Amino acid sequence: MNNQIVQRRPTRAVKVGKVVVGGGAPVVVQSMTNTDTADAVKTALQCAELARAGSELVRITVNTPEAAAAVPAIREQLDRLGVDVPLIGDFHYNGHRLLADHPECAQVLAKYRINPGNVGHGKKRDEQFAQMIEIAGKYDKAVRIGVNWGSLDQELLARIMDANAQRVQPLDAVGVMREAMVTSALESAAKAEELGLSADRIILSCKVSGVQDLIAIYRELSRQSNYALHLGLTEAGMGSKGIVASTAALAVLLQEGIGDTIRVSLTPEPGGRRTQEVVVAQEILQTMGLRAFTPMVTACPGCGRTTSTFFQELAQTIQNHVRDKMPAWRAEFDGVENMTLAVMGCIVNGPGESKHANIGISLPGTGEMPAAPVFEDGVKTVTLRGDNIAQEFIAIVDRYVARTYRRKSVI
């Protein structure tokens, strides 16, 4: 991996089930189900799908007594499927009652997400927040104190606004909102510690939907504390907009060493798979050189030299092939996730890019000889021709993996 990446900011390590967040551990990918949690079978299947796609933590909504009662069954079904991903309970408004009334749910979850803006008002807020923190302490669970700009504590916001009005140079509305977000997170964390929850059980997040707001808030949050931090642009949107916005925000912070766990909050397209957000999160971390999850395929964008769509189809075929094979490869071989592949469309950059990859192919462009040289570790090993180039190249990739990467020992 790229060792030029900026050093991560030191934060406390937090154990979430089997997963370590912060403390210098690799940045963790997480996601969230969109099923009705009361439907234990459907929720367990989506949790398993997300975990198999690479989500290392999965959050589920716990909003009703029926949902809370289903959590142990979800865990049981995941265990039967051999999926040991830790589950996070997402609580709003009534979390204190649900955790108290359903102790099996409280025990099974690896972490509770608490939004300080949605735990009540005034005296009730303090009591209900305390109840949730005390239950977390009782069962030795991690807690994410997750502030969201759409549900800021209005009493705290009014206090910040009053203090701001007394300043010689008051902040604008955006500045007040940012300050309120950071203050809410830090004051809630301090209150949790006062109630007996150790700092190494606390993760903070401040979710907004504006890229510049997210960057500014997390820079300040990181400057003022060393709690583990969860990053994510909330309500990022659908399709390319959501992907670009999330990448723009998270990449800046990760490059500055800020962030211990991430989620890409994409709105699924109609009929789209929930796992897309996991793939995007992995690709952000991998393209930045922070982690490796699956072999990366470099492909040229195409131009007037590449009127054929064959190289596009081959690039897609190869990308799909390595993702489909990765679960088996990961179980059998060490380091295969670091492999790089190149599928290039003409002679201009094709041979050079192919030589830079572990394994690459340079397809003929418009008017070029119908030949496709294949390079393995910078050396041309064969030239493919004819109608079966895709199948032959896939076979070469599979042989390269088996020959190059060390097989894991079987105990």
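The model is predicted, so local features need pLDDT of at least 70 and side-chain atom pairs count only at pLDDT 80 or more, while totals for chains, interfaces and linings use all residues. Residues are numbered from 1 along each chain as its sequence is written, and side-chain values use heavy atoms, leaving out hydrogens and water.

**Helix α2**

Let us start with α2, which covers residues 65-80. Helices here are DSSP runs of H or I with at least four residues, strands are runs of E with at least two, and both are numbered from the N terminus. The 16 residues of α2 reach 24 Å from first C-alpha to last, close to the 22 Å expected at 1.5 Å a residue; that expected span is 1.5 Å times one less than the number of residues.

Ala67, Val71, Ile74 and Leu78 are among the buried residues of α2, where buried means under 20% relative accessible area, exposed over 50%, and partly exposed in between (1.4 Å probe, protein chains only). The buried residues of α2 pack against α1 (40-53), β4 (57-61), β5 (87-91), α3 (95-101) and α4 (103-108), with contact meaning heavy atoms within 4.5 Å. After α2 comes glycine 82, with a positive phi near 75°.

Most residues other than glycine have a negative phi.
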